[in-house]
Amino acid sequence: MSVHEPACGADAPSLRPSLGVVQGIGVALSMVVGSGLLILPGIGVGLVGAAAIHAWWINALLTLPLLLLFAKLGARYPTAGGVAGFAEAAFGYRAGRATEALLIGACLPGAAAIGLSGGSYIAAFFGLPPGAETWVGLAVLAVATLVNLGGAQIAGSVQSLMTFGLIALLGLLAAVALAGPQVDIAAGLTAASPLAALPALGALFFAFTGWELFCSTAEEFRQPRRDFPLALAGAFLAMLVLYVGIALAVQLRLDPSDPALLRAPVAALAGNLFGPWAEKTVAGLGATMILLALIGGLWGASRLIFSAAREGLLPQALSRVGPSGVPRRAVLTFGLLAVASLLTARLMGWNTAMLFELSAQNFLGGYLAALLAGLRLLKGPPARLALAGLTLGFGAFLGSFGATLVYAALSLGLGYWLAPSKRV
């Protein structure tokens, strides 16, 4: 049985293929290019100064082998399980379900953190009182859920239109900032040694996550073997140009002592170029980008719920697909779980940093699972040697999270334990 065959027989539900290359690029960018782009360029400068620009392209180089692996495996195994499907193909049914639980465990605190971030941006934009970010965040989660209930065609079109528009505006902002006669781009690129950027690699790497969720959409491409890798490549190139442009503009245009550098560097950049009205506009764009990130993240996460139900890890009722081809029960289930996660975080007093950390470590675990699957599935000494080196590197990076890895271990163990002993 191939990994993308339904686990429960020929009549098991499947998702309707409706995505092409352009929509796929929009979906991928909305999953990867999120609110971090509005904050991380300033954090990088705060950590390593002029060397920060090197951290962006070094992280891009580190990510590229993973994307090549995702493109190859996603085209070969187009399944809603994404990375979990790769793990199943390499190591068997239970390994696939454990990886699925690991990634669902990443999505829940991640969705709560993004919801709270969106609530904060919108509350600040409208001048709402303290505490309003919780209720606004819940509303943002509700909107993202409703958009996803419209199906891949509607959600993909909304994401493509809004994502391309926002990226075009941010790209224009970077171009205007770098076009000034007083800006020396060459000096900015060579002002410091790339080795000095190493302390910022970990913090800025989180701007490059989200690709593992995009793998969960492979089943919804009309021609996955051709279009999925093309969408992945197009999204990566667009992301790289945007990231380096914005990061370099922030680095060259803003005073390193400006307090806005760590709080809202891109908004400060807009204010520096065009005045206070532009700073306010970029704050609004930040809220929109967060909503797009939630739409994309909820799309991928709901497909993980759908796949887990189809494969027997969750109740089979969650794998039902309506006439429109949308797994509505899976979408609604994850939306409700995300709301519960946000409320739990507020009740427990967890901040967004804690939620992002829990999410990030599970996503890094997913990257590690994909690398191990690649070692098992791909042939040829060069590929295996490269994957072995990346596996060791990402394993060491994951180990740096310390005690919070208990959450990742519980996610994996729960998925392995709940998986039925054999398929039905």
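# A guided tour of the predicted model

Start by selecting T333, which sits in helix 15; helices here are DSSP runs of H or I with at least four residues, and strands are runs of E with at least two, numbered from the N terminus. T333 is partly exposed, at a relative accessible area of 21%. On that scale, buried means under 20% relative accessible area, exposed means over 50%, and partly exposed lies in between (1.4 Å probe, protein chains only).

Before going on, a word on what you are looking at. This is a predicted model, in which local features need pLDDT of at least 70 and side-chain atom pairs count only at pLDDT 80 or more, while totals for chains, interfaces and linings use all residues. Residues are numbered from 1 along each chain as its sequence is written, and side-chain values use heavy atoms, with hydrogens and water left out.

**Colour by confidence**

pLDDT is the predictor's confidence in each residue, from 0 to 100. The protein averages 82, and 91% of the residues score at least 70. Helix 15 has the highest confidence, at a mean of 93, whereas helix 12 (residues 260-263) has the lowest, at 70. Next, select residues 1-10, where pLDDT stays under 50. Where pLDDT is low, the predicted coordinates should not be read in detail.

**Aromatic pairs**

Show the aromatic side chains: there are 9 aromatic pairs in the structure. Rings of Phe, Tyr and Trp (its six-membered ring) pair if their centres lie within 6.5 Å; planes under 30 degrees apart count as stacked, over 60 as edge-to-face and the rest as tilted. Zoom in on W56 and F208, a tilted pair with 6.3 Å between centres and 50° between planes. W56 belongs to helix 3 (residues 52-76) and F208 to the loop between helix 9 (201-205) and helix 10 (211-214), so this pair ties together parts that are 152 residues apart in sequence. Both W56 and F208 are buried.

F274 is partly exposed at 41% relative accessible area, and W277 is exposed at 56%.

One more ring to visit is Y416: R94 lies over its face, 5.0 Å from the ring centre. A charge counts as sitting over a ring if NZ of Lys or CZ of Arg is within 6 Å of the ring centre and within 35 degrees of the ring normal.

**Around N362**

Select N362 in helix 16. N362 is buried, with a relative accessible area of 0%. Beyond its neighbours within four places in sequence, N362 contacts (heavy atoms within 4.5 Å) L102, L103, G105, A106, Y407, A408 and S411.

Jump to helix 2 (residues 40-48), where the buried residues are L40, P41, G42, G44, V45 and V48. Just after helix 2, look at G49, which takes a positive phi of about 65°.

Finish at A317, in the loop between helix 14 (276-310) and helix 15 (328-348). A317 is partly exposed, at 27% relative accessible area. Select F306 as well: A317 and F306 are 11 residues apart in sequence and 9.2 Å apart in space, C-alpha to C-alpha.
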